[in-house]
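Today I went through the fold piece by piece and jotted down what I looked up.

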Amino acid sequence: MPAGGIPSTPYVPAADGTPFVLGKFCIDEYRQMKVIVMGAGYSGITAGIRLPQHIPNLQLTIYEKNAGVGGTWYSNRYPGLSCDVPAHCYQLSFEEKKDWSSFYAPGPEIRKYLEGVVQKYKLMRYIKLSHEITGARYNELTGTWHIRVRRTDGATGKAEELEDIADVFVNATGPLSRWNWPDIEGLKDFKGELHHSAGFDPGEKTWQEVADGWKDKKVAVIGIGSSALQIVAALQPRVGKLVNYVRGKTWIALPVAGGAFPRYMGLTFTREEIERFQNDHQFYKNLRHGLEQELHNAHAITLRGSPVQLMAQAAFKKNMEERLSKKPWIAEKLLPGFPAACRRLTPAPGYLEALCADNADFITIPIKRMTSTGIETTDGQHQELDVIFCATGYETSYQMPMPIIGRDGIELNKRWSPHPETYLALAVDGFPNFFSILGPNSGIGTGSLLAIMEAQVMYVARAIGKMQRERIRSMEPKLEAVRAFDAYLETVFTQNCRSWYKLGREKGRVVALWPGSTLHAMRAIEHPRWEDYLYEPLEAGEQNMFYWLGEGQTYNQKTFSGDRAWYLSPPYLDIPLGESTVRIQILINSEVCL
């Protein structure tokens with residue numbers, strides 16, 4: 001008999017009278033879980049930290065197709081690249097960076113921050129660079145994912161194929177990882193420099209050093225999304241002439257937190273300010289907390305027809321007209337008729353001022369074609385150009401670039417046609433043990449995207465923990481749960497405006513955004529509804545739902561090892577608050593929706 005006096009093979013009658021054999025394992029004798037994560041951007045990096053933290057006996061592999069970590073912040077190098085939310089809000093909740101150089105962090109700084117996080121948490125033991133997942137198929141007999149990977153040798157460029165197997169497959173590639181050239185006649189005829197914003201590669205130079213060679217050049221930027229606005233603002237002072245070709249309209253928002261922290265708006269932080277961030281803990285804590293609150297306060301702007309939205313639109317309009325007073329006709333062409341937040345809001349620092357410069361043109365006549373020397377518009381006008389930037393966006397259909405095949409041979413791209421359907425933006429029926437981080441309907445119009453991402457990673461960790469603890473071979477959301485969530489997806493963003501929120505169309509289903517605020521999303525997945533899933537037991541044919549209870553003892557009891565009074569120590573020990581503190585806490589936690 002093992003320690004504790006429990007027979008090794010006891011028989012306990014089931015409800016119908018037939019006996020079953022207790023499992024020969026302890027309730028916390030956790031089986032190994034093999035997890036594969038696709039992508040090493042913010043989401044994959046966070047998974048690399050949180051999954052090992054919360055899942056014992058974990059075998060984790062993170063495959064990254066690029067030669068470095070950072071995802072979109074590794075791939076993108078275009079002029080003016082920066083984050084258009086405050087830098088102190090674009091960092092992990094548990095990993096502060098107090099020495100950001102400016103209010104809106106430059107792309108290279110964000111990439112360096114992520115590299116530092118990887119180094120600090122020693123994540124390269126999990127990450128395999130230059131490994132691109134080319135396909136995945138679920139094996140129903142074993143409850144595992146069989147994943148094909150193309151490994152590229154950095155020195156020789158030689159590629160080889162390999163296969164890996166996992167209990168759980170996590171897609172952490174995000175929505176903005178693949179870019180498209182615009183459909184413009186004669187695109188390949190242009191003989192000058194032609195760049196896509198997402199494909200711009202300065203090589204060993206900085207973008208500023210490359211732009212020094214364009215000081216007498218005529219440069220065009222096609223587009224009016226966030227990337228285009230940043231490129232225009234960055235290049236206008238550095239080139240001979242800049243032309244912005246625009247086919248749509250957009251709201252230029254006031255800076256987030258502009259009312260609460262006006263002294264920092266658009267500024268590079270001084271050495272004294274950075275030193276205060278680093279040395280005055282309470283000041284920095286208050287600053288970060290205040291900025292985050294301001295981000296979440298902006299959600300009311302997305303509520304269609306609300307007083308806050310109408311007031312914001314009036315403020316945006318006034319601000320745009322004032323900043324474009326030198327060329328008021330641009331405001332007439334740029335100001336939209338659709339509500340604020342129908343397209344992604346951005347403060348676009350420096351963009352409107354760049355358009356007002358003497359060396360800048362703003363053209364809304366549709367492009368007819370590219371020629372060998374420039375761009376011709378439909379009115380017959382032709383601009384001679386030396387450099388063209390196509391800031392025309394990404395592939396946002398959520399159609400995966402590789403086959404992902406689930407139960408009964410269903411391919412994910414087919415399941416997600418004509419638009420993606422998910423369970424709470426996390427899972428898909430017919431695809432067991434498959435989760436997405438920042439997948440369809442995970443984005444937000446305002447608020448903190450990283451807060452949602454961290455909450456999703458923790459949800460996945462809980463799901464994997466449930467599979468491990470309860471000896472579950474497969475779990476997938478019920479079809480009715482997926483359909484119910486799909487029916488819920490109607491928000492302000494369905495208004496008519498061309499946006500990647502709606503697969504790049506003016507009309508159609510919103511596939512990119514969560515149907516609510518960031519805080520709403522976090523609350524929605526904070527306590528998983530496990531009843532919305534279908535399960536298969538690890539042991540084929542096992543009918544007793546409590547088989548996972550094992551032989552009736554813990555591993556430490558069986559082996560006389562470890563802590564056998566763990567419930568007396570944090571984090572398990574829960575000490576009640578004093579009476580007065582409890583009353584205050586109840587008031588803080590009370591959330592009344594009027």
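Labels before anything else: helices here are DSSP runs of H or I with at least four residues, strands are runs of E with at least two, and both are numbered from the N terminus. I also keep in mind that this is a predicted model.

**Entry 1: the five-stranded sheet.** I looked up the strand order and got β5-β4-β3-β9-β19, an open sheet with parallel pairing. At its edges sit β5 (127–128) and β19 (434–436), each pairing on one side only. Next I checked how β5 is held. Strand β4 (residues 58–63) runs parallel to β5 and is joined to it by two bridges. I noted that tyrosine 63 stands opposite lysine 128 in β5. Then I asked which helix packs on the sheet. It is α12 (residues 449–469), which touches β3 (33–38), β9 (168–171) and β19. The direction of α12 makes about 155 degrees with that of β3.

**Entry 2: the four-stranded sheet.** I found another open sheet, ordered β8-β7-β6-β18, and its pairing is mixed. I looked inside it at β6 (residues 131–139) and β7 (residues 144–152), which pair antiparallel over eight bridges.

**Entry 3: a hairpin.** How many residues link β14 to β15? I counted along the hairpin and it takes three. Strands β14 (residues 367–370) and β15 (residues 374–377) run antiparallel, with three bridges between them. Methionine 370 has isoleucine 375 of β15 as its bridge partner.

**Entry 4: α1 and its neighbours.** I started with α1 (residues 42–54) against α12. Their axes come within 9 Å and cross at roughly 40 degrees. That angle is why I call α1 oblique to α12. The crossing is right-handed. From α1 the contact uses Tyr42, Ser43, Thr46, Ala47, Arg50, Leu51 and His54, and from α12 it uses Leu450, Met453, Glu454, Val457, Met458, Ala461 and Ile464. I sorted these residues by type: nine nonpolar, three polar and two charged.

Then I turned to α1 and α3 (residues 107–120). These axes come within 10 Å and cross at roughly 20 degrees. So α1 is roughly parallel to α3, because angles under 35 degrees count that way. Is this crossing left-handed or right-handed? α1 passes α3 in a left-handed crossing. Tyr42, Ile45 and Ile49 of α1 meet Ile110, Tyr113, Leu114, Val117 and Val118 of α3. Sorting this contact gave me eight nonpolar residues, no polar and no charged. I noticed Tyr42 in the contact with α12 and again in the contact with α3.

**Entry 5: α6 against α7.** I looked up α6 (residues 271–279) and α7 (residues 281–297). They pack at about 100 degrees with axes 5 Å apart. They are therefore roughly perpendicular to each other. Arg276, Phe277 and Asn279 of α6 touch His281, Phe283, Tyr284 and Leu287 of α7. By type I get four nonpolar, two polar and one charged.

**Entry 6: aromatic rings.** The structure holds 28 aromatic pairs. I picked out tryptophan 214 with phenylalanine 389: the ring centres are 5.8 Å apart and the planes stand at 70 degrees, so the pair is edge-to-face. Tryptophan 214 is in the loop between α4 (207–211) and β11 (218–222), while phenylalanine 389 is in β17 (residues 387–390), so the pair ties together parts that are 175 residues apart in sequence.

Entry 7: As a reminder to myself, most residues other than glycine have a negative phi, and most peptide bonds are trans. I found that the bond from serine 417 to proline 418 is cis, with omega near 10 degrees. Proline 418 lies in the loop between α11 (412–415) and β19. Leucine 424 also lies in the loop between α11 and β19, and its phi is positive, near 55 degrees. The bond from proline 570 to proline 571 is cis too, with omega near 5 degrees. I placed proline 571 in the loop between α15 (555–559) and α16 (579–589).

How values were computed: Residues are numbered from 1 along each chain as its sequence is written. This is a predicted model: local features need pLDDT of at least 70, side-chain atom pairs count only at pLDDT 80 or more; totals for chains, interfaces and linings use all residues. Side-chain values use heavy atoms; hydrogens and water are left out. Two strands pair if DSSP finds at least two bridges between them. Contact means heavy atoms within 4.5 Å. Axes are lines fitted to C-alpha atoms, for helices over the stretch in contact, and angles run from 0 to 180 degrees between N-to-C directions. Angles under 35 degrees count as roughly parallel, over 145 as roughly antiparallel, 65 to 115 as roughly perpendicular and the rest as oblique. A crossing is left-handed if the near helix is turned anticlockwise from the far one by less than a right angle, and right-handed if clockwise. Ala, Val, Leu, Ile, Met, Phe, Trp, Tyr, Cys and Pro count as nonpolar, Asp, Glu, Lys and Arg as charged, and the others, Gly among them, as polar. Rings of Phe, Tyr and Trp (its six-membered ring) pair if their centres lie within 6.5 Å; planes under 30 degrees apart count as stacked, over 60 as edge-to-face and the rest as tilted.
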